[in-house]
Amino acid sequence: MSRAHLLPRLAAISLLLAGAMPAAVPPALPDDPACTPPDRELIARTYELARLSSVRGDGGHGALLLKDGKILLEFSSATNSTGDVTQHAETGLIALASRQFGLEVFKDAILYTSEEPCIMCCGSVRAAGLRAFVYGTTAGQARRISGRPIPDDLLECREVYSRLEYPITIRGPLMEAEGLALLAELHDRRAGARK
């Protein structure tokens, strides 16, 4: 049986997986209605930090720590430039904040991050004792940009904390269209670098 009809699809899939095709941007999910206008401003800033990280070749994620209405620290993911795979935006920010201010800084602070935290970052949030965070883009939508399949049992941050029985306030997604556009730029930049 001939499989010639599959060749165009297989070629397109391999180009997408290799990063040679422009990223397809999925429709953004609606904003979490619990998010506020100040949340929007702060998520916009995390996207700026993510863009800086992306330009450096460091993954394209940004985070900031807000306490008493003031931004205490900002951090862009730095996994490639440092050679440290744990330097995601959230873990890097938490490590820096603990060294500079001690663990007390996390009491009543809010973490803002450009993308829904991965499981490692969720662990860092819990270890720091943070009780609230706001994220921009969902992890599932970010996977779509890269062309990676979304597993049926994708573990989302809300489920992580629910399973841990860890009380935390999570708001997001927020301004996901902007985050998806940024991730598509990153994908396309990586594809251009490989050519």
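Predicted model: local features only at pLDDT ≥ 70, side-chain atom pairs only at ≥ 80, totals over all residues.

User: Which residues line the largest cavity?

Analyst: Tyr 47, Ala 50, Gly 60, His 61, Ser 114, Glu 115, Thr 137, Gly 179, Leu 182 and Leu 183 line the largest cavity. Residues are numbered from 1 along each chain as its sequence is written, and side-chain values use heavy atoms, with hydrogens and water left out.

User: And what counts as a cavity and its lining here?

Analyst: On a 1 Å grid over the protein atoms alone, a cavity is a set of points where a 1.4 Å probe fits but cannot get out, and lining residues have an atom within 4 Å of a point. Grid points are joined across faces, edges and corners, and the volume is the space filled by probe spheres set on the points.

User: OK, how many cavities of 30 Å³ or more are there?

Analyst: The search of the whole structure finds one. About 40 Å³ of space lies in the largest cavity.

User: Which element gives the most to that lining?

Analyst: That's α8, with three residues. At least two lining residues each come from α2, β3 (110-115) and α8 (176-194). Helices (H or I, at least four residues) and strands (E, at least two) are DSSP runs, numbered from the N terminus.

User: How do the lining residues divide into nonpolar, polar and charged?

Analyst: Four nonpolar, five polar and one charged.

User: Switching topic. How many residues are in the largest nonpolar core?

Analyst: The largest core has 26 residues, and those with the most contacts inside it are Leu 65, Phe 106, Val 125, Leu 130, Phe 133 and Tyr 161. Two or more residues come from each of β1 (62-67), β2 (70-76), α4 (89-101), α5 (119-128), β4 (132-137) and α7 (157-164). The top contributor is α4, with five residues. Apart from this core lies another, of 14 residues, among them Ala 50, Leu 64, Ala 132 and Leu 182. A nonpolar core here is a set of buried Ala, Val, Leu, Ile, Met, Phe, Trp, Tyr and Cys residues joined through side-chain atoms within 4.5 Å.

User: What is Tyr 161 in contact with?

Analyst: Leaving aside neighbours within four places in sequence, Tyr 161 is in contact with Cys 121, Cys 122, Val 125, Arg 126, Phe 133, Tyr 166, Ile 168 and Ile 170. Contact means heavy atoms within 4.5 Å.

User: Now charges. How many salt bridges does the search find?

Analyst: There are nine in the whole structure. The criterion is a side-chain nitrogen of Lys or Arg within 4 Å of a carboxyl oxygen of Asp or Glu.

User: What does Asp 39 form a salt bridge with?

Analyst: Asp 39 pairs with Arg 171, with the closest N and O atoms 2.9 Å apart. Asp 39 sits in helix α2 (residues 37-56) and Arg 171 in strand β5 (residues 169-171), so the pair ties together parts that are 132 residues apart in sequence. Both Asp 39 and Arg 171 are buried.

User: Which residues are linked in a network of salt bridges?

Analyst: Arg 45, Glu 48 and Glu 74. In the Glu 48 bridge with Arg 45, the closest N and O atoms are 2.7 Å apart. Those two are three residues apart in helix α2, so about one helical turn separates them. Glu 48 counts as partly exposed at 43% relative accessibility, and Arg 45 as partly exposed at 23%.

Note on methods. Buried < 20%, exposed > 50% of the residue type's maximum accessible area, 1.4 Å probe, protein only. 1 Å grid on protein atoms, 1.4 Å probe; cavity = no way out; pocket = protein on both sides within 12 Å on 5 of 7 lines; lining within 4 Å. Nonpolar A, V, L, I, M, F, W, Y, C, P; charged D, E, K, R; others polar.
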